[in-house]
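Work through the exercises below with the model open. Try each task before reading its solution.

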Amino acid sequence: MSERFELIAPCHFGLESVLKREIYDLGYEITSVEDGRVSFIGDAEAVARANIGLRTAERVLLNAGSFAARTWDELYEGTRALPLERYLPADAKFWVTKASSVKSRLFSPSDIQSVMKKAMVDRLSGIYHVNRFPETGASFPFRVFLKKDIVTVGIDTTGESLHKRGYRKASVRAPIAENLAAALLKLTPWKPGQTLVDPFCGSGTFLIEAALMSAGIAPGMHRGFTAADWTQLIAPGVWNDAYEEARESVRTDVAADLQGYDIDAAAIDAARENARLAGVADLVHFQVRPVAELSSRRRNGIILTNPPYGQRLTGSLEGGSKLLVGTHPKKERLERAREADDAQTALSAQQLQLIYRTLGERFRALDSWSLYLITAYENAEHDLGLKAAKNRKIYNGMIRTYFYMFPGAGASRRKLPKEEDGS
């Protein structure tokens, strides 16, 4: 039987339940759910499959151990007691890449990193009988969490965050992260084949993530991971098998109705290029169109969007009315859209009010549709003229946002993940 590990998958605060369901679907046992992370049991194969297949996680960490530490001496001794040689060979390159502290006596990240690095070196020096480590081998970045004086030490198997699928080469201001977009999509009743529209699509992330799901394309299928070099722990064949499993899940004959609109022509260009790089250009339709022209003859569609909320968008257009109806000539619009990539301009209260009021009006004109949106704009419901059936607090980076849910008459009754109470 292969060696089993406890693995930790961090995620956006407020979306733990979505990630928990994903891990269950991969076939692994959940051990705990806390604010911003889900822990589970898995072997070497699980490390590869989770990195390649999880859409909503930020990364996958191997839990090297936990201990209590209220003083620097306790932090040093606790770290030195960890069986690091179980994971790190003599030529390993290792460092504490990030330390975070919540409600703990030890709170200086740089000091935590320094003390723990020294303890790791002292531990491994005694094991491998060397005074100096060459650190010429595989990389083992450590990520450390302190919460209420309990230290959890994770070794990062991922490298670059899992939200970096590899397709978003072209971007616009304040794009939504890929893993956040995937998680929000999973909080809607949308299913592949159903009409999905984003009227403020930006670089197209919601629609591209939906297309990847529709086609069964694993989010990590076209990228590498730090743990692929940990050959003493994970045989190369394990990674080969996981990638092959992902390739076999791709569906080439899928039908999709995914539509993205934006008034910013540069954003639409970026979205089209990103869809091409993701291999789903044929599944998504992007068009320069203001929200005032949002309409459809289809029934039971879903709107999923990240509208402006005063901290994004745009130097590209003057005035809320032009943001809505697009009165600039094409050449001037393109020039202004390019300028927006270099300078953010906060929208006025009147502009935001007009945007949300127009979105609400266009939504009510659609037959049996549902609306889901993430925003930090505090007057969203009032200006939309709608009362959400539910809203969910989610941290988008350092910004507290709310995910508003307005299910229509034709909404699926599929059970959605419940919010977790992190401990």
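**Exercise 1.** Determine how many residues of helix 2 are buried, and what they pack against.

*Solution.* Take helix 2, residues 44–53. Helices here are DSSP runs of H or I with at least four residues, strands are E runs of at least two, and both are numbered from the N terminus. Apply the burial cut-offs: buried is under 20% relative accessible area, exposed over 50%, partly exposed in between (1.4 Å probe, protein chains only). Eight of the 10 residues are buried. Among them are V47, R49, N51 and I52. Next, find their partners, with contact meaning heavy atoms within 4.5 Å. The buried residues pack against strand 1 (4–10), helix 1 (16–26), strand 3 (37–43) and helix 7 (236–248).

The model is predicted: local features need pLDDT of at least 70, side-chain atom pairs count only at pLDDT 80 or more, and totals for chains, interfaces and linings use all residues. Residues are numbered from 1 along each chain as its sequence is written, and side-chain values use heavy atoms, leaving out hydrogens and water.

**Exercise 2.** Classify the ring pair F225 and W239, and explain what the pair ties together.

*Solution.* Rings of Phe, Tyr and Trp (its six-membered ring) pair if their centres lie within 6.5 Å; planes under 30 degrees apart are stacked, over 60 edge-to-face, the rest tilted. The structure holds 10 such pairs. For F225 and W239, the centres are 5.7 Å apart and the planes at 15°, so the pair is stacked. F225 lies in the loop between helix 6 (205–214) and helix 7, and W239 in helix 7, so the pair ties together parts 14 residues apart in sequence. F225 is buried at 7% relative accessible area; W239 is buried at 4%.
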